[in-house]
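Let's take a walk through the inside of a protein model. Have a look at it first, and then we'll start from a single residue.

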Amino acid sequence: MITPRGRRLGVDVGSVRVGTALCDPDGLVATPLETVPRADAARRIAELVEEHLVVEVVLGLPRTLAGREGPAAEAALAFRDELTLVVPAVPVVLQDERLTTVVATQQLRGRVKGRRQRAVIDQAAAVAILQGYLDSQG
């Protein structure tokens, strides 16, 4: 069980969409929550934090395979700064998210088709980010 007890919100930031995932209060299992448009993401995440009594936001930090931070990581760090303004009482922690979108795409290949696929992939990537964090804490 993760301490302190409470729900964590996983976030996968993209340039167009933001995938979210939520864990149980004991921090054992992450599940998909929703995908929101990037332009509205900080506000919606603040609503999700309040609605689900989230104690911590886990934001994916996309590093290169060499461990460097490129433009995608800079965008994630800027989003972290946005989040700290709209949810100042809730810590926002960074979790390495190398290859989470690739893994999510492979896992969902053939299961979800068309436009819905991208939204589901974003949620699956958020699940991978959050589950990786939970596993590293327990």
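Find L83: leaving aside residues up to four places away in sequence, L83 touches A42, I45, V57 and V92, where contact means heavy atoms within 4.5 Å. A quick note before going on: this is a predicted model, where local features need pLDDT of at least 70 and side-chain atom pairs count only at pLDDT 80 or more, while totals for chains, interfaces and linings use all residues. Residues are numbered from 1 along each chain as its sequence is written, and side-chain values use heavy atoms, leaving out hydrogens and water.

Now zoom out to the largest nonpolar core, which has 20 residues. A nonpolar core is a set of buried Ala, Val, Leu, Ile, Met, Phe, Trp, Tyr and Cys residues joined through side-chain atoms within 4.5 Å, and buried means under 20% relative accessible area (1.4 Å probe, protein chains only). L83 is one of the members touching the most others, along with L9, V11, I45, V49, V57, F79. Two or more residues each come from β1 (7-13), β2 (17-23), α1 (41-51), β4 (54-61) and α2 (71-86); helices (H or I, at least four residues) and strands (E, at least two) are DSSP runs, numbered from the N terminus. The largest share, six residues, is α1's.

So how do α1 and α2 meet? A41, A42, I45 and A46 in α1 touch F79, E82, L83 and V86 in α2. The helices pack at an angle of about 50°, their axes 9 Å apart; axes are lines fitted to C-alpha atoms over the stretch in contact, with angles from 0 to 180 degrees between N-to-C directions. α1 and α2 are therefore oblique to each other, meaning neither under 35 degrees (roughly parallel), nor over 145 (roughly antiparallel), nor 65 to 115 (roughly perpendicular).

Terms used. Buried < 20%, exposed > 50% of the residue type's maximum accessible area, 1.4 Å probe, protein only.
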